[in-house]
Protein chains: 2
Amino acid sequence: MLERFKVSDADRVIVMEPQMRNATNAIFKAMGLTDEDAALAADVLMFNDLRGVETHGVSNMLRNYVSLYQNGSLKARPEITTTRETETTAVIDGGGALGLHIAPRAMDIAIEKAAKYGLGAVCVTGVGHMGGTGYHAMRAIPHDMIGVAMSSSGRPVMVPTFGAEPRLGTNPFAWAAPAGEMAPFMIDVGTTQIANNKLSLARRLGAQVEPGWLARMDGSPIMERVDVPEQSYMLPIGGTREQGSHKGYGIGAIIDIMCSSLSGLGPGFLAFEPGFHLLAYRIDAFIDTADFKASMDEFLRGLANTKPAPGHKRVIYPGQLEAEEEVIRTADGIPYHREVIDWFSTIETELGLNFDFT
Amino acid sequence: MLERFKVSDADRVIVMEPQMRNATNAIFKAMGLTDEDAALAADVLMFNDLRGVETHGVSNMLRNYVSLYQNGSLKARPEITTTRETETTAVIDGGGALGLHIAPRAMDIAIEKAAKYGLGAVCVTGVGHMGGTGYHAMRAIPHDMIGVAMSSSGRPVMVPTFGAEPRLGTNPFAWAAPAGEMAPFMIDVGTTQIANNKLSLARRLGAQVEPGWLARMDGSPIMERVDVPEQSYMLPIGGTREQGSHKGYGIGAIIDIMCSSLSGLGPGFLAFEPGFHLLAYRIDAFIDTADFKASMDEFLRGLANTKPAPGHKRVIYPGQLEAEEEVIRTADGIPYHREVIDWFSTIETELGLNFDFT
């Protein structure tokens, strides 16, 4: 993450991972989730917090989920149904539950099918937020599979290249492959220049946004460095046509098709609700797993050892920094903004819970 | 394609599609290909020329292929073998043949597997150039499937974000989905800011390159508009970190993994030869095909009807311009640079063929 999105020293409170996990778990249970679902949902948020993906950890997301349970928008005990199934595919209706604990179950179905047939893919409807796509893609790794996770968004925020009306969500995807000695390759990105959550984070931290990240309400790209505007649209990866925004727009559209049209929701900008797509490839359906992992080690080591350009200390590969951060944060604790910890105190009282952040 | 890459009026020679197809077909047959393989290879090039994808039509590619046959680098009559196979997957060794006629056969295997099981994926090694990924992804469309095609490149040309050494090829991919009344959605792009071929085209046409497209030999992005430099590296989609190049770099790396590591070639920058990955999704394994196509029509119409930003006439979706161009060029002929037609005259004499371009 760019430096400007990090919590400043003065506002930082350090909490050890098991304590934050317990608190988060307790909140999900208080919302009515089963023990298993609460643990799964907490695991998604802690995965992100441990790996430094603040935008999808407890800070930005949990209070929002709590409101949605409290106002009845999310079901704690959903009825999950399978609406279509073949040897390698399935479509799952999550019954109005939070995506955090539905997506892993859908990925597990994809993994089970890939274990039998080589490939497996599952579409999901009837769900809330996925909590970041990375966790769900990474679920394939221990099974010696490549994992892919995508989510269309509930609300169009991205203008297509040359467009003045939003037509796509931030439509994120993650793609993960195991290695041997090296940390897994894992890319987890939105198809807009900046994530929705990162915009809120930038607003909270008083950080500016770069030229080519946002568009004015008439669709023209904002090509200056500015404070987060009151109103704006998102631009696709690349920002402008010259910098490849037609490619970012196209990739965002692919995710919309896989998550919304293929799942039966209809186009994202009409459906106004998220859909997911999960895909698993069994590696030894193509190559011996040991050979693949050796090749991945060579590949990732080669990327990480690339001579850096002037002004840069090193080259990293997707997933490398996050794996390093996980080691550090597991040992030293996770830094949260003071405001987040204040919210935990409030909700602790409100729900009659008992957190230990010492 | 940006205006600057189009052939100027003065240098333009118009040839009708069937005549250029016959000539191209005759050249492939003269190289020793079977009638079926020659027709398939010519079909790939004419698909690109008809759709306005000059970079992957006869202009840029055919003379190169001919040299490779003539110096023995490409086999006209390869022995094709299947090195691994499961219900849904296969790995094919193309026996040193040109990818243009091997990739469609690999896609057909993926399609056959998807017809039976819902999904199908095939890796390909032992091949030359694919001739653009679009043709191969589109091959899934008449089967009511979604098609994906990727190729790693033989030679590293792209520097990773912050890197000073090339580690990835232009690693292109295509992704195609059918619609009902609307032209299919089809994105066909490289994961660098500019294709290798487009650089040669820019050099030939005297066109300039944009800031953020290329890097100097020390890895620093060239942030001015310049003539095509003597020496440079490619930058990933996005160009700079601030404009999302880490996403473009990550997507390029995914393609390397799927085409090179998963196929058994080893990392692209060590293997120094291309690999392919083809994937087919049977739509009715998820949703009734008619419902999907209706949803796609709504989606694509919505994109195409987006109100344009100031200075732009309209918004287009991936594949739309190319489909429009195909109608025009089928009726009016294909514009070629005079230099290309001169090459056809030379090769016509050299091979003792007889072309009719009147």
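Of the residues of chain A, A:G238 comes closest to the rotation axis, with its C-alpha at 2.1 Å. The axis belongs to a rotation of 180° with 0.0 Å of shift along it, which superposes chain A on chain B with an RMSD of 0.0 Å, where copies are superposed by least squares on the C-alpha atoms of residues with pLDDT of at least 70 in both. The two copies are thus related as by a two-fold rotation axis. The same surface serves both copies, since 100% of the contact residues of chain A recur in chain B.

This is a predicted model, in which local features need pLDDT of at least 70 and side-chain atom pairs count only at pLDDT 80 or more, while totals for chains, interfaces and linings use all residues. Residues are numbered from 1 along each chain as its sequence is written, and chains are lettered from A and ligands numbered from 1 in the order in which they are written.

**Where the chains touch**

In this model 70 residues of chain A are in contact with 70 residues of chain B, two residues being in contact if their C-beta atoms, placed from the backbone, lie within 7 Å. Among the elements that give two or more residues to the side of chain A that touches chain B are the strands β3 (89-97) and β4 (119-127) and the helices α7 (245-261) and α9 (289-304) of chain A. Helices (H or I, at least four residues) and strands (E, at least two) are DSSP runs, numbered from the N terminus. The side of chain A that touches chain B holds 35 nonpolar, 23 polar and 12 charged residues; Ala, Val, Leu, Ile, Met, Phe, Trp, Tyr, Cys and Pro count as nonpolar, Asp, Glu, Lys and Arg as charged, and the others, Gly among them, as polar.

**Helix pairs**

| Pair | Angle | Axes |
|---|---|---|
| α9(A) and α7(B) | about 140° | 11 Å apart |
| α1(A) and α3(A) | roughly 20° | within 11 Å |
| α1(A) and α2(A) | roughly 140° | within 8 Å |

Angles under 35 degrees count as roughly parallel, over 145 as roughly antiparallel, 65 to 115 as roughly perpendicular and the rest as oblique. The angle in the pair that joins the two chains makes α9(A) oblique to α7(B), and the contact there is made by A:F292, A:S295, A:M296 and A:F299 of α9(A) together with B:D256, B:I257 and B:S261 of α7(B). By class, this contact has four nonpolar, two polar and one charged residues.

Within chain A, the angle makes α1(A) roughly parallel to α3(A). Here A:M20, A:T24 and A:I27 of α1(A) meet A:V58, A:L62 and A:V66 of α3(A), a contact with five nonpolar, one polar and no charged residues. α1(A) and α2(A), by contrast, are oblique to each other; the residues that meet include A:E17 and A:R21 in α1(A) and A:D35 and A:D49 in α2(A). The contact of α1(A) with α2(A) divides into nine nonpolar, two polar and five charged residues.

**A helix and its end**

Helix α10 (residues 320-332) of chain A has 13 residues and reaches 18 Å from its first C-alpha to its last, close to the 18 Å expected at 1.5 Å a residue, a span given by 1.5 Å times one less than the number of residues. After α10(A) comes A:G333, whose phi is positive, near 100°.

Key. Axes fitted to C-alpha atoms, helices over the stretch in contact; angles between N-to-C directions.
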